Amino acid sequence: MIQENGTTANQRESVFAEIVVQSSDGIVLIDCESRHFVEFNDAACIQLGYSRDEFTQLTIADVSSLTDDEIDAAFARILEVGFVRFQMQHRRKDGTLRTTSASNHRIVVLGRPYVAATWHDLTEHEKSLDALRISEQRQ
């Protein structure tokens with residue numbers, strides 16, 4: 001099938017897949033019922049320090065600093081409004097916390113709800129801002 005701009009659906013799918021693979025931001029697809037990661041790019045694994053095999057066994061609760069009730073509330077909000085962006089702490093495999101900006105979209109695949117999320121790690125940016133604040137307070 002040819003699209004308006006001359007690309008086929010398969011070509012578009014290949015382009016989008018390559019965008020996800022090369023992204024430095026973590027991109028994940030979370031099953032809304034089990035809360036397991038069903039799809040994810042290598043950047044998500046790298047951000048949190050897990051191998052791809054390990055990541056397949058994880059749920060959002062395993063890597064989030066949120067309580068189960070807070071996770072339930074966040075999923076309910078995403079499913080209700082379709083898109084929610086917030087900052088959160090992700091827990092790496094080594095136990096350290098990373099500040100992350102999470103953009104979350106509700107999507108439905110074959111009648112089943114999922115959350116498609118993009119995670120942008122803000123930890124180094126936050127550290128720089130803290131250092132700047134401390135420097136300014138000393139002056």
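Colleague: What share of the contacts with a separation of 6 or more comes from residues 24 or more positions apart?
Modeller: Residues 24 or more positions apart account for 42% of those contacts in the chain, a contact being heavy atoms within 4.5 Å. This is a predicted model, in which local features need pLDDT of at least 70, side-chain atom pairs count only at pLDDT 80 or more, and totals for chains, interfaces and linings use all residues. Residues are numbered from 1 along each chain as its sequence is written, and side-chain values use heavy atoms, with hydrogens and water left out.

Colleague: Which elements does the chain have, and in what order do they run?
Modeller: There are 6 helices and 5 strands, in the order α-β-β-α-α-α-α-β-β-β-α from the N terminus on. Helices (H or I, at least four residues) and strands (E, at least two) are DSSP runs, numbered from the N terminus.

Colleague: How do strand 1 and strand 2 run, and how many bridges join them?
Modeller: Strand 1 (residues 26-31) and strand 2 (residues 37-40) run antiparallel and are joined by 3 bridges; pairing requires that DSSP finds at least two bridges between two strands. Isoleucine 30 stands opposite phenylalanine 37 in strand 2.

Colleague: And what lies between the two strands of the hairpin?
Modeller: The hairpin has 5 residues between its strands, and arginine 35 in the turn has a positive phi of about 65°.

Colleague: Moving on, where is glutamine 47, and is it buried or exposed?
Modeller: Glutamine 47 lies in helix 2 (residues 42-48). Its relative accessible area is 11%, so glutamine 47 counts as buried (buried is under 20%, exposed over 50%, partly exposed in between, with a 1.4 Å probe and protein chains only).

Colleague: Which residues is glutamine 47 in contact with, leaving aside neighbours within four places in sequence?
Modeller: Glutamine 47 is in contact with Ser24, Asp25, Gly26, Arg92, Arg98, Trp119 and Asp121.

Colleague: How many disulfides does the structure hold?
Modeller: The structure holds 0 disulfides, a disulfide being a pair of cysteine sulfur atoms within 2.5 Å. Cysteine 32 is buried at 9% relative accessibility, and cysteine 45 is buried with a relative accessible area of 3%.

Colleague: What share of the chain do buried residues make up?
Modeller: Buried residues make up 32% of the 139 residues in the chain.

Colleague: Back to helix 1: is phenylalanine 16 buried or partly exposed?
Modeller: Phenylalanine 16, whose place is in helix 1 (residues 9-22), is partly exposed because its relative accessible area is 46%.
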